[in-house]
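Work through the following exercises with the model at hand, and try each task before reading its solution.

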Amino acid sequence: MQARKKYGLLGLCACCWLVLFYWGGGVQLRLLRLLTRQPGEVVRPWPNWTDRAFLPRYAHLDEIQMDPGTGELPHQRRHAWSAVYKDSRCRMETCFDFSRCRRRGREGFRVYMYPSEKSDRVSESYRKILASIAESRYYTSDPREACLFVLGIDTLDRDQLSGQFVPNMDERIRGFPLWNDGRNHLIFNLYSGTWPNYTEDLGFNIGQAILAKASLNTEHFRPGFDVSIPLFSKDHPQKGGDRGWLVRNTIPPRRKYLLMFKGKRYLTGIGSDTRNALHHIHNGKDIVSLTTCRHGKDWEKHKDARCDHDNLEYESNGGTLKGDGAACIPVLLSNGWELPFSDVIQWNQAVIEGDERLLLQVPSTVRAVGNERVLALRQRTQMLWEAYFSSVDKIVLTTLEIIKDRVFSHISRNKYMWNSLPGGLLVLPEYSTHLTHFPFYYLGLGVSPGQEFTAVIHAVSPLVSQSQPIMKLLQVVSKSKYCSQIIILWNSEKPPPSRSKWPPMPVPLTVTDGRRKTTSRFLPHVAIETEAVLSLDEDTVLLTNEVNFAFLVWRSFPERIVGYPPRSHFWDPLKGAWGYTSKWTNDYSIVLTGAAFYHRYYHYLFSHYLPQSLRTLVDRTSNCEDILMNFLVSAVTHLPPIKVAQRKQYKELPSPQSTKSVPWANPEHFNQRQECVNTFANWFGYMPLVHSQFRLDPVLFKDQVSVLRKKYKDLERA
């Protein structure tokens with residue numbers, strides 16, 4: 001008995017050894033034979049799993065569908081791809097010339113656009129892309145300065161049946177002296193191939209160019225090199241775009257419909273299998289699928305038995321989905337799709353991904369998602385939409401910023417910055433790569449801002465008397481226990497006085513040349529060492545207690561502007577334009593920076609994010625810099641500034657020694673501010689200013705109690 005067990009065990013070991021030899025040693029022998037084969041010797045390749053010897057008897061090759069909607073085998077698709085794109089293994093390290101971008105540090109990231117020829121047909125979508133690049137801070141008209149090149153030829157639609165298709169691309173691009181086999185070039189594409197069997201073939205060899213393409217297949221996507229972009233229509237807005245539709249949170253976050261789909265039902269071609277199967281999960285109650293067969297000119301040739309019924313339901317019941325579809329969570333059924341901006345966006349926090357092959361399991365999967373996750377997913381979709389997808393500008397700039405982060409990987413945004421408010425486009429890593437250096441991350445990280453501030457006083461009048469308002473202002477601000485230093489930004493026509501002319505103070509005083517530019521008050525001055533900045537005009541009238549209280553309020557809202565003088569905007573339907581008012585009303589949307597706190601990061605954002613054209617407008621008119629700063633901060637936070645309590649008699653007092661008339665007494669000054677509001681709104685693409693009726697007062701402010709019990713007693717004195 002023992003001998004029988006012994007021989008049985010030996011036999012089993014022998015079988016295992018033979019299997020290991022075939023799959024292990026056999027591989028080594030084949031590799032050795034491959035390396036030592038003689039020239040001309042033919043080596044039989046490994047058998048494909050679809051060889052008949054490996055298939056069950058009931059399986060036939062013509063019944064095996066390797067990919068829904070296509071008859072191509074995976075290796076055939078890879079061969080076709082490599083035949084068209086010979087540099088399919090490109091990476092930034094192998095197919096990109098970094099030296100062109102690092103000549104001037106991160107300032108060397110410049111984008112050059114080839115000029116379009118008069119005979120070229122440029123689609124509306126591509127025109128918007130080119131306009132976004134031309135208006136960006138990265139554009140250069142000098143190719144010698146360029147790090148990245150974009151073709152002037154429209155490459156968005158590479159369907160040969162399309163009216164936007166541009167022929168003879170290979171011949172044309174080879175004639176460009178800067179082409180260099182596509183190195184450092186960026187090619188945008190939305191469509192390739194022809195329906196129903198779309199392909200990845202653009203119809204020309206892109207060489208070593210970076211491909212920014214919609215609906216990219218993961219099989220062909222070159223990680224860390226290509227950029228997957230969203231598919232957008234010609235009507236997609238150039239700037240701004242619609243805000244997310246989630247205006248309020250409902251608890252629990254459940255709606256009438258669990259799953260909804262409304263769209264075309266492709267009868268043949270790529271995507272047809274999944275869309276044709278959607279009717280299996282349609283129950284007409286909380287899962288609704290409305291599809292139409294009307295797609296293309298010859299859809300009736302492929303018409304099936306369900307088309308008439310589907311078309312009728314699609315046309316008659318489509319309106320029932322309106323409204324309830326606002327701020328929905330995407331449920332993705334698209335195997336092999338490289339999601340847009342997948343390099344930086346954490347899509348698992350915004351969408352629910354299903355498997356096309358397991359369609360019937362999707363309803364139960366969605367029902368299992370808890371209320372907290374539904375709410376979190378819905379909020380994240382809104383954030384991503386507003387940050388990266390709501391306009392062509394944002395799509396293009398996100399593409400450029402992703403490439404820029406690759407070029408300067410040592411100074412780049414992390415995933416938290418890309419996937420948290422306000423989004424990666426408003427987080428400039430040149431300022432810092434540390435989360436705690438940005439005011440909008442404080443709350444989420446549990447970080448409190450610093451306990452000191454730097455006062456920056458904008459001086460335009462020559463110093464001729466010790467009784468000027470700026471002298472009193474210096475004394476008031478320097479007495480604050482939170483004041484770390486004072487910087488005087490000298491913008492007068494006359495040179496600044498010597499240090500002996502300024503009064504002695506308990507904090508350091510620095511006088512800086514403002515170069516007679518209005519925007520210089522918001523330059524990222526190296527001398528500012530604190531997080532908080534108190535911006536002041538030279539004739540501002542405040543008390544030390546007013547300064548202290550406003551600073552403590554700012555520490556609770558470090559991402560916003562906190563200050564005293566309020567203003568507001570409004571829509572004038574008669575003029576069809578935005579208006580600006582300085583009247584004291586029950587709401588406001590602007591806090592003037594003549595007396596306001598904000599985070600120093602906004603200095604950097606003002607100088608490096610906003611276009612030169614807006615800053616030039618401010619310097620030319622010596623006006624509107626405070627409005628522009630409010631536009632910028634509200635665009636970042638989507639929140640209004642905060643007004644704090646002040647003495648009623650506070651007003652902007654003109655300096656008696658000033659040789660110039662006060663600007664706000666000039667009607668032209670007010671008209672300029674009206675024009676500025678509309679110019680700024682046009683650049684942002686929407687109105688970022690937010691109205692508020694919120695004012696913060698000290699506890700016991702104006703209460704009928706003894707003044708001795710109040711911390712800020714002098715705020716109530718006339």
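**Exercise 1. Find which residues Ser-123 is in contact with, leaving aside its neighbours within four places in sequence.**

Solution. Begin with the meaning of contact, which is heavy atoms within 4.5 Å. With the neighbours within four places in sequence left aside, Ser-123 is in contact with Asp-154, Leu-156 and Gln-164. Next, look at the side chains: that of Ser-123 makes a polar contact with the side chain of Asp-154, at 2.7 Å. A polar contact is a pair of N or O atoms within 3.5 Å, where within protein one must be able to donate a hydrogen and the other to accept it, and residues adjacent in sequence count only if both atoms are side-chain atoms.

Then place the residue in the chain, where Ser-123 is found in the loop between β2 (111-113) and α4 (124-134). Helices (H or I, at least four residues) and strands (E, at least two) are DSSP runs, numbered from the N terminus. Finally, Ser-123 counts as buried because its relative accessibility is 12%; buried means under 20% relative accessible area, exposed over 50%, and partly exposed in between (1.4 Å probe, protein chains only).

Before going on, note that this is a predicted model, in which local features need pLDDT of at least 70 and side-chain atom pairs count only at pLDDT 80 or more, while totals for chains, interfaces and linings use all residues. Residues are numbered from 1 along each chain as its sequence is written, and side-chain values use heavy atoms, with hydrogens and water left out.

**Exercise 2. Determine how many disulfides a search of the whole structure finds, and describe the link of Cys-101 and Cys-147.**

Solution. A disulfide is a pair of cysteine sulfur atoms within 2.5 Å, and a search of the whole structure finds four of them. Numbering the bonded cysteines of the chain in sequence order gives the pairing 1-2, 3-4, 5-6, 7-8.

Take Cys-101 and Cys-147, which are joined with an S to S distance of 1.8 Å; this link is right-handed, with 70 degrees about the S-S bond. The pair links distant parts of the chain, 46 residues apart, with Cys-101 in the loop between α3 (92-95) and β1 (103-106) and Cys-147 in the loop between α4 and β3 (148-150). Cys-101 counts as buried because its relative accessibility is 0%, and Cys-147 is buried with a relative accessible area of 0%.

**Exercise 3. State how many salt bridges the structure holds, and examine the one between Arg-357 and Asp-355.**

Solution. A salt bridge is a side-chain nitrogen of Lys or Arg within 4 Å of a carboxyl oxygen of Asp or Glu, and the structure holds 25 of them. In one of these, the side chains of Arg-357 and Asp-355 meet at 2.8 Å, N to O, and Arg-357 counts as exposed because its relative accessibility is 69%.

As a further case, the salt bridge of Asp-697 and Arg-695 has an N to O distance of 2.9 Å. Asp-697 is partly exposed, with a relative accessible area of 30%, and Arg-695 counts as partly exposed at 44% relative accessibility. Elsewhere, salt bridges that share partners join Arg-137, Glu-401, Asp-405 and Arg-413 into one network.
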